[in-house]
Amino acid sequence: MASTASEGVVSDEELQLAPVYRPGQLLETVPGLIATLHSGEGKANQYLLRGYNLDHGTDLATSVDGMPINQPTHAHGQGYTDLNFMIPELANQLTYTKGPYYTTVGDFGAVGSVHVSYRDTIAAQVAATLGTLDFQRIFSAASQGIGSGHLLEAVELQHYDGPFDTPDDARKENAVLRYSSGDELNGYSATAMYYHQIWTNTTDIPLRAISEGLVSNRFGTLNPTDGGHAQRASLSLNWHAPFGPGEFTASGFYICNQLHLFNDFTQYLIDPVHGDQEDQFENRRATGVAASYSLPVSLGIIQNEFSAGISTRYDSLGVGRFPSTAQVPMLSGDAPPSYYNNDQVYLFAGAAYVQAITRWTPSFRTVFGLRDDYQHGTDIDYLAALHETAGYTNGGTAAQSLLQPKASLIFTVSDSLEFYGSIGRGFHSADIRGVNQDVSVDLGLPHTPLLARQEGQELGVRTAPKRNLALSFAVYNLWQQSETIIDPDVGADSAGPPSRRYGLELNLTWQINRWLEFYGSYSGNHSRFTHPFDDGTGHVGTYITDAPVAAGQLALYLKDLGPWSGGLNYRYLGNYPLSSGPCVDSASMKDFPHVATSCVNAPTALGQVNGKGFGELNLDVHYALPQGWSTSLGIYNLLNTHAPAAEFWYVDRLHDEIADYPDGRADIHEHPLEPFMVRFTVTKNFDAP
């Protein structure tokens, strides 16, 4: 039973028919969520939801097969969520929530959460894909009965260059081995995964580099040596069984993550000799367990379901960054102390919750819950002596707990009409390195809490006026104690000032006939800081940069029309502010101290700067042939839309500007959508009759 209008389930069939060209885009089956990209294929997606630019995963709690994917105190971004290890054919269900109203959702989940389940069995098959932009992929999987359960094996090999002047040359390997036994009431699974990828990336570039001919077109790069390599190995265990009159579930995981990202965002702003490329690196080990118990209880005529749960997680990681040239780290140089980091971090997170679902009458039920999270972090700053010359250190210990009450009221008018009202508190954790600093060196922000509160309210309705038609509508409000903001100067994000958002969401599903389904969603959002903010470009205001005013999608699913099936999807991202406001004289003099006496002679725009969203049409068509053969054709960006996949507004400096712009120049930086793409797949199913 749903407790809000903004939670849901995406079925196996819809996941497999969704026309996606990256694994992370499977998350776009969540209404109002956009997964885009601003750099190379191996990097985590950029996520946007409910007026949030969630960067690479902050405030979107994501799990696969019970494993949390968000990575706290990450080398590139807090809550970094890399889904390149996920094999789309293995995903058989996706569940999602939005808002801080759910006791089972903790860190990073106050805006939204997504949980992807893996299947236990799969038909023996081999699939080969060839596509434009030098795309190749081989996927093979099978499962067999062994003992009382099933063993599933899957392998994926992929190469992709993309449209860029410097090819991505992304080479990816994925492998999965899974054993499962039992059924939905009593069973278990054990899953081992391995992922590896190496790539070159073209990151977002300033528009003036294109207009001045420094790069040939929007697919050009200013540093062809940018790139990265990632490796991930994991083991996850899941178990569920009846226990007395209730149900007990337990899970555990062990994850090993290694990453190097080489990015040059600001060109020659910091180092006019070598350039500003930096190596962001980490080596992480994460382990955790979770358990819950639910119990139905009748108190007279009042039906209840009580549940309780606990979870723990421990991360041990070496994390840091160094200036680099052509992917070779420079361990010393002229960059400021804040550009050198080398830390050993230990993070512990524990949580406990209780919840009661009570059906007071046939038409009224409540969900009351209480969750408590505790986190403790220790940072050993190996470069403390260097950092102390700038008046700070990353080293130290911080701990905090946060109590989170949550409540929902549900009014059932009929089998086809239900109203919801919800209120709750959630949070996201902050990077322990920033928490240990008295002041954020790069942005001058105040000391931030380890657990930043988020408080929300929501009203919603679900209705099914006809058997083949379902609608949901919600209005929400969300206040955040500390907004996570992107700091392009260091290629990471930092804790920012408080913010508030409110908006609405509308979703519609129409089963037109047996074989054709229509789906549509729209989210409209209003996002602001609670007080003016200097974004580092001489601009001051309350606009939250890269926070979209709208998002949505329209989709048609063709299901089993003889040998035909497929999906047609239009994904839409609305416009968004790039600067926090217009230029202000005092801010321009602070941000450009060597040249600016006012906004008039500052190397920045005078007014508010805004970014452009996009609309993209994608198509997948599948055709089943005799004897287990099938083909599929994917056509992506069907209308060949020329638009940025992501845009940012920040200060950088090109090589020929070193003498004239000592403080750099503010400009719009963009990474383009891929152009029209075609991919053709041939599959052989060996289990078909």
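Reader: Which residue stands opposite Ala646 in strand 38?

Author: Welcome! This is a predicted model, and in it His671 of strand 38 is the residue opposite Ala646.

Reader: What makes strand 37 and strand 38 count as paired?

Author: Pairing requires at least two bridges between the strands. Strand 37 and strand 38 (residues 665-672) are joined by eight bridges and run antiparallel, so they pass that test.

Reader: Why are strand 14 and strand 37 said to stand at the edges?

Author: The open sheet has three strands in the order 14-38-37, paired antiparallel. Strand 14 (205-206) and strand 37 (644-652) have a single partner strand each, so one side of each lacks a neighbour in the sheet.

Reader: What does strand 12 form with strand 13?

Author: The two form a hairpin, with four residues between them. Strand 12 and strand 13 (residues 187-200) run antiparallel and are joined by 12 bridges. Lys172, for example, stands opposite Gln197 in strand 13.

Reader: What makes Arg178 and Asp65 a salt bridge?

Author: The rule asks for a side-chain nitrogen of Lys or Arg within 4 Å of a carboxyl oxygen of Asp or Glu. For Arg178 and Asp65 the closest N and O atoms are 2.8 Å apart, so the pair qualifies. Arg178 lies in strand 12 and Asp65 in the loop between strand 5 (60-64) and strand 6 (67-68), so parts 113 residues apart in sequence are tied together.

Reader: Are Arg178 and Asp65 buried or exposed?

Author: Buried means under 20% relative accessible area. Arg178 has 5% and Asp65 has 7%, so both are called buried.

Reader: What do Glu674 and Arg22 form?

Author: Their side chains meet in a salt bridge, at 2.2 Å from N to O. Glu674 is in the loop between strand 38 and strand 39 (677-685) and Arg22 in the loop between helix 1 and strand 2 (34-36), so the pair ties together parts 652 residues apart in sequence. Glu674 is buried at 4%, and Arg22 is buried at 8%.

Reader: How many salt bridges are there by this rule?

Author: The count comes to 33. A network of salt bridges links Arg208, Glu212, Asp652, Glu657, Arg665 and Asp667.

Reader: Why can Leu554 belong to a nonpolar surface patch?

Author: A patch residue needs over 30% relative accessible area. Leu554, in strand 31 (residues 550-561), has 46% and is partly exposed, so it clears that cut-off. The patch covers about 760 Å², and its residues include Leu459, Phe473 and Tyr572.

Methods. Residues numbered from 1 in each chain as written. Predicted model: local features only at pLDDT ≥ 70, side-chain atom pairs only at ≥ 80, totals over all residues. Heavy atoms only, no water. Patch = residues over 30% accessible without salt bridge, like charges linked within 9 Å, V, L, I, M, F, W, Y side chains within 5 Å. Areas by Shrake-Rupley, 256 points an atom, 1.4 Å probe, with all protein chains shown as cover. Buried < 20%, exposed > 50% of the residue type's maximum accessible area, 1.4 Å probe, protein only.
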